[in-house]
Structure formats: structure tokens, C-alpha cells
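I opened the model to look up a few points of its fold and its chain contact. My entries follow in the order in which I made them.

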2 protein chains.
Amino acid sequence: MLTVLKIGGKLLDDEAQLGSALAAFANIEGPKILVHGGGKKGSEISRRLGIEPQMVDGRRITDAATLEVVTMVYAGLLNKTVVAKLQALGCNALGLSGADGNAVLSKKRGTGAIDYGFVGDIESVNNELIINFLENNLTPVVSPITHDSQGQLLNTNADTIAQMLAVSLAQNFEVTLKFCFEKNGVLVDPTDDDSVLPSLDSAAYEGYKSAGVISEGMLPKLDNAFAAKHGGVKDVWVCGIEGIAKEFGTLIYP
Amino acid sequence: MLTVLKIGGKLLDDEAQLGSALAAFANIEGPKILVHGGGKKGSEISRRLGIEPQMVDGRRITDAATLEVVTMVYAGLLNKTVVAKLQALGCNALGLSGADGNAVLSKKRGTGAIDYGFVGDIESVNNELIINFLENNLTPVVSPITHDSQGQLLNTNADTIAQMLAVSLAQNFEVTLKFCFEKNGVLVDPTDDDSVLPSLDSAAYEGYKSAGVISEGMLPKLDNAFAAKHGGVKDVWVCGIEGIAKEFGTLIYP
């Protein structure tokens, strides 16, 4: 059983919550992979450098200057901070961008109605590399920066990286994938943190979407959750910190 | 035969020179490791963030805010840029800080006359990890950020990392260590780039130091070069880009 845990959202911005999430992750038995997003630090550093973040539908427009910032913050500061904390917790973490060992290969997104800039859509995951690390008792910690194998780094959605890693490694392992964020699961009432759905299937998801109950930032996360489930991942959860160590949150059904 | 190449100084700040150095490195036969320093980008980003760099004897005072900057720039931007460029050159690079897989363990320097802040002195190198990577045809690319295994990242001199890696791995390999920078070797006249010493031994080094011929920034580099030679590294060179692919520069004798 392989666990792939994605941590993101406000969890990354709060040192105490990040510490709790990493302590729970370090205690998971068996092979495991951590994927982290960017959090607010990217925008904060960007502003301090005089580069105003540009977002369209919650996605960052990544021009050359912004790519430098997210590479610094995600693959540098955040990734190494998480790796050092996990090492202190007895977890033999190994930080990776997609360029490292060609772990995650992507392609610059084509320019449609919106030019997202240096944003990557994933082409492939290097299972052989990841499995070799896991067999050597290393725990990959993956940042959302990938490459195109031609020398170009690309900003890449962390939920999608987690999904693609989980689906690809489902060829070799029974995989549990957990998308962990600041809520305890998928909420039917975004204003009520206790309104967690214990489970969600595709039909119900479509209904909630049509009714506008689930919207905004949850849609890409849930699209990735369903893609993972349809792609052969055994268990897919959307959860909070409490859901890292135990089965607590929203379980995704096909 | 294992090659350990340190690249630093102004090489890192010039895209064309960095490209030439990486192309030469990618062509080296056999197992190899690249160690890179920080270059000017650390100070540039620091200033843009409103943190004035503080240097004492050419060494950076690393307070908490500066540690964030060097972690971002060295372990993030610079390391991943180099890794992506090497991948494009067909070299299967794997970027590492000392925290990754506990590759390089260090200890925060004690406060003497000068408090250097979050600066690490190396305690040990994880040979088993590095050898495993080399056996799997991965090329470690090491940034000068290490950790203390208690969760603290530490800014660490890249020349010393290269030396300690080379000495430690000399237990397992015949090692060639090259310190590559913007000059073609050790100069007897710092104003004449053609005044390269073809070789240098300890006695001559002491003489040049007493006479003030070799001074300033060259001293820590040469101290590391001699430490490597005395520590069992087979060949130690101080060289420029031309010295990466062939034997060209200053050869260090005990």
C-alpha cells in the first residue's frame, strides 16, 4: 500500500498546522509520497519583489519573473523547509522538482484564450525513479515545479501532480491518495465546517456542481480526485489534517 | 573514477559561461557530482527584498531572513535551473540540499568573535545515499544549504561541501576534485589572467601566502583544495571552464 498525500491551501501558511500535518504524515506506515502546493508565500515574496501576482480563475499567470519567484519559493524555501522538518521527525525525506531525475515531465500549455505563461501540463511520471527511491526507504517530497526536458522549468498544479503520480504508481502499488487542506472534507455548506460529506460519487458531484453547492477552488481539486479514482487509485479522500492518519473526510466513489 | 566538480564565483552569474561549464560537465565520462555556490543572485534578491547583505571576510552573515533568501535562491532557483539545463544536455541530474536524504549533515557554527548566524559546519556526508544515486545513473547536483537533522537549515560554504564530499567518497572511489571558477587557475599575478601556476604544493602555498601573492577569496578555496589532497583525493585542480573537460589549470600537490 502506497500513500500519496497532497498538502496545500492555508495549511502551508500556518507553521503550527503545517507541523501537525507533517507529524501525521511522518507516522504513516509503508511507502509514501508528499506533494505540496505553494501557499500564500509565493504571492507574498512576489509582491515584495515588486511583481504583482496575476490570477485568472484562481490560477497564476506565470511570466518569466513569476517563474523565478515560484521556483525559489516552492522548490526552494517551501520544499527544503518541509524536507528538514520531516528529517527531524525521523522521515527520510527527499525533495524533488519534476526536473530532478526527470521525475515529472510536462509540456508548456498552449496559448488559448488565456496565455498562462510558463505553466506545464504533465506528460509523464518517472515510475522507475520513484520506485527506486521508495525501495531505498526515501520519501519523495514533490514541489509543483516541473520541466519540459529542454531546459525549461514550468509551474504546475500540485493537485494534478498528486493525481498523476497516484494514477501512474497504481500500476505498481495499491494506492491511497489524500488531498489534504484546511477543511475537513468536501462541505455541502461552505460556511459550515461541520457539513462534511462522508462520501461523494460522480453523479452527486455533477448535481452539486449544477446546483452551485460546490464551486470555485474545489472544482479542480475534485476533478483531480475523480480522475484519480477513474484512473485506478484504490482510495481517494479529500480531508483535513485529522484525515491524514485515519479515514476521516470525504471518500470519493466513481 | 569519480569526478566532483565545484562551480562558483562569477561563472554562476553569466548565463553563457554557466551554459559552457554545464555542457563540459555533462560530457564527463563516468560517475560525477556537481556542487554549486551561490553567486551574486543571493545578494541581488536579498537587496530587492529589502535585506542588506552583511559580509565579514567574504562570508555572509546569515540571519533568519537571509537564510530564507539563500534557501530560495541556492536550493531553489539556482539548483533547479542547473538541473533543468543538465537534463536538456542528457545528464540525469538530481538536485539536492544537505537535508534531502540527509545527504550532508552539519552543525550550526558556535558564536565566537563573529556570530555568523545560521551557518553550518559539516559533520558528515551520506556516502551510502550518494553511491546509490550514482549506481542508478543519477548525477547529484548539490546546493550549499545543509541541515542539522533537528529541522534547521544552514547556509554552508560550497567549497567545503565539495571537499568533504570528495574526501568522504575517496573511501569508495578514486576521486578527481576540480574547483572551477572564472579564472584559469591560481594566479601569481591577480591582474594577469595568464599567470596561472601549473601546480602548487603546501610549501609553495605557505610562501605565496606570506608574501601576500595569494590572498583574500582564494584562501578558503585553496585551504579546501589542500584539505582534499591530504584527505585522500587523488587529483585536485583549481581551474576555469577549460579545465573541466581536460587537465588544465593548477594541480595541487601535498
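Predicted model: local features only at pLDDT ≥ 70, side-chain atom pairs only at ≥ 80, totals over all residues.

I then looked at strand β2 (residues 32-36) and strand β8 (residues 139-142) of chain B. They run parallel and are joined by two bridges. I asked which residue of β8(B) is the bridge partner of L34(B). I noted V141(B) as that partner.

**Helix over the sheet.** Next I turned to α7(B).

**Helix against helix.** I looked up how helix α7 (residues 218-230) of chain B packs with helix α5 (residues 158-169) of chain B. I got an angle of about 5° and a distance of 9 Å between the axes. With the cut-off for roughly parallel at under 35 degrees, α5(B) and α7(B) are therefore roughly parallel to each other. On the α5(B) side I listed D159(B), T160(B), Q163(B), A166(B) and V167(B); on the α7(B) side the contact is made by P220(B), K221(B), N224(B), A227(B) and A228(B). I sorted the residues of this contact into five nonpolar, three polar and two charged.

**Contact between the chains.** I moved on to where chain B touches chain A. The contact takes 33 residues from each of the two chains. On the chain B side, α3 (64-88), β5 and β9 (145-147) each supply at least two residues. Which element gives the most to that side? I found α3(B), with 13 residues. By class, I recorded 13 nonpolar, 15 polar and five charged residues for the side of chain B that touches chain A.

**The α3 crossing.** Last, I checked α3(B) against helix α3 (residues 64-88) of chain A. They pack at an angle of about 115°, with their axes 7 Å apart. That makes α3(A) roughly perpendicular to α3(B). I noted the crossing as right-handed. E68(A), T71(A), M72(A), V73(A), A75(A), G76(A), L77(A) and K80(A) meet E68(B), T71(B), M72(B), V73(B), A75(B), G76(B), L77(B) and K80(B).

Definitions and conventions. Residues numbered from 1 in each chain as written. Chains lettered and ligands numbered in written order. Axes fitted to C-alpha atoms, helices over the stretch in contact; angles between N-to-C directions. Helix = DSSP H or I, 4+ residues; strand = E, 2+ residues; numbered from the N terminus. Parallel < 35°, antiparallel > 145°, perpendicular 65-115°, else oblique. Contact = placed C-beta atoms within 7 Å. Nonpolar A, V, L, I, M, F, W, Y, C, P; charged D, E, K, R; others polar. Pairing = 2+ DSSP bridges. Left-handed = near helix turned anticlockwise from the far one by under 90°.
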